[in-house]
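Reader: I've just started learning to read protein models. Could you walk me through one, a bit at a time?

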Amino acid sequence: MHTGTASLPLHGGHCPPWLFERMRRLGPAILEIVVREYGPQEVLRRMSDPFWFQAFGCVLGFDWHSSGLTTTLCGALKEGLRGRERDLGFVIAGGKGRVSRQTPTEITAAADRLALTALKPAELVYASRMAAKVDNTALQDGYQLYHHVFIFTFDGQWAVVQQGMNERTRLARRYHWLGEGVADFACEPHAAVCCDARGEVLNMVAGEGGESRRVVTELSRERPHKFMAEFNKILEKGLPNLPLPWRHDIPRASYLNKALLKVYAAQPRDFTDLLGVEGVGPKTIRALAMVAEVAYGAPASFRDPVRYSFSHGGKDGHPYPVDRRVYDRSIAVLEQALAAAKIGRTEKLQALKRLASISKNAT
């Protein structure tokens, strides 16, 4: 089973009201059993696993290749769990389009409404903001975020499921984050990046890009006129014959001066601090990375972190053999949750049939 939902035309994801209503009932019922058996933190782990997430959407009624699985699944879960957060121990904030921009407000409001005095909402808001900033600015893969969902437990654990769209190709890409696995927002922070298509990428959060991040941060702390002198010198000589993603989109000097003045005033300690400065966008990072590479010999990474993959391997051994132990555990968790879920017999049987179909097709 591909994770192909994130690479298909977005107009194919329409969800009829009757299906959304059933997803709204069935999805939370399954997650309730996961919480009962494993605790709310396991929900975060499952949602940040792209394979389980995809299988979950299929069990609820979507085909594996449906482009609307991500947004509809997250929306149905958020609607179905509203008012039940205290019982389950976790909250879903954010959503698609304008709703995604309300995530910080929703996080703070939930902490107040549920009287979560031990929670630190500011830290969660920071995690939400940085996850979005990384995937829009530090990882420049051509996909602009339009969906951002932030899930958090009452003790401050969190996960992110967000999706971006490529305006040129009308294809989408999904990004999964799990807070417990993020040691550094600026270095390999993703649980997974899912898409069937690879492309030309400026990857400033690649593990091998540490030297580039260090030099870029040092350049950002310099007075803007010093950086602009190096920048203009490179433009006057012409860009070297290198396959750089920024070669077709060099920012204007006026834009750079304004952004660099803000960065200089902030004096970021590291690359994460630099990303967090208001006004620092993809063009600023591209310009800094270009100077770091051309003038100071600190190359950026162009490795696309996306993986084209199957749920648990392929029956023919490609891209790797089926891991039966992991596969069986995934099936067992979903079967157990369905068996115990407080839902109608018809819905339960339909979901079990879809689960059996997934099992048959994958093995």
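Reader: What share of the contacts in the protein chain with a separation of 6 or more comes from residues 24 or more positions apart?

Author: First, some ground rules: this is a predicted model, where local features need pLDDT of at least 70, side-chain atom pairs count only at pLDDT 80 or more, and totals for chains, interfaces and linings use all residues. Residues are numbered from 1 along each chain as its sequence is written, and side-chain values use heavy atoms, with hydrogens and water left out. A contact means heavy atoms within 4.5 Å. Counting contacts with a separation of 6 or more, the share from residues 24 or more positions apart is 69%.

Reader: How many helices and strands are there in the protein chain?

Author: Helices (H or I, at least four residues) and strands (E, at least two) are DSSP runs, numbered from the N terminus. Going by that, the protein chain has 14 helices and 7 strands.

Reader: And what percentage of the 363 residues counts as buried?

Author: Buried means under 20% relative accessible area, exposed means over 50%, and partly exposed is in between (1.4 Å probe, protein chains only). With that cut-off, the buried part of the 363 residues is 53%.

Reader: Which residues form the one aromatic cluster?

Author: Rings of Phe, Tyr and Trp (its six-membered ring) pair if their centres lie within 6.5 Å; planes under 30 degrees apart count as stacked, over 60 as edge-to-face and the rest as tilted. The structure holds 7 aromatic pairs. The cluster is made up of Tyr 126, Phe 150, Phe 152, Trp 158, Trp 177 and Phe 185.

Reader: How many residues apart in sequence are the parts that Tyr 126 and Phe 185 tie together?

Author: These two rings pair edge-to-face, 5.8 Å centre to centre with 85 degrees between the planes. Tyr 126 lies in helix H7 (residues 121-138), while Phe 185 is in the loop between strand E5 (171-178) and strand E6 (192-194), so the pair ties together parts whose separation in sequence is 59 residues.

Reader: Phe 185 also pairs with Trp 177, so is that pair stacked or tilted?

Author: Both partners are covered up: Phe 185 is buried at 14% relative accessible area, and Trp 177 is buried at 0%. Their ring centres are 6.1 Å apart, and the angle between the planes is 35 degrees. That angle makes the pair tilted.

Reader: Is helix H1 roughly parallel or roughly perpendicular to H4?

Author: Axes are lines fitted to C-alpha atoms, for helices over the stretch in contact, and angles run from 0 to 180 degrees between N-to-C directions. Under 35 degrees counts as roughly parallel, over 145 as roughly antiparallel, 65 to 115 as roughly perpendicular and the rest as oblique. The axes of H1 (residues 17-38) and H4 (residues 69-81) come within 8 Å and cross at roughly 70 degrees. That makes H1, relative to H4, roughly perpendicular.

Reader: Which residues of helix H2 are buried?

Author: H2 (residues 40-47) is mostly covered, with 6 of its 8 residues buried. The buried ones are Gln 41, Glu 42, Val 43, Leu 44, Arg 46 and Met 47.

Reader: What is the phi of Arg 170, roughly?

Author: Arg 170 sits in the loop between strand E4 (158-166) and E5. Arg 170 is partly exposed, with 42% relative accessible area. Although this residue is not a glycine, its phi is positive, at about 60 degrees.

Reader: Last one: which residues does Gly 276 touch, not counting residues up to four places away in sequence?

Author: Gly 276 lies in helix H11 and, at 23% relative accessibility, counts as partly exposed. Its C-alpha atom is separated by 9.9 Å from that of Ala 266, 10 residues apart along the chain. The residues Gly 276 touches are Arg 129, Met 130 and Lys 133.
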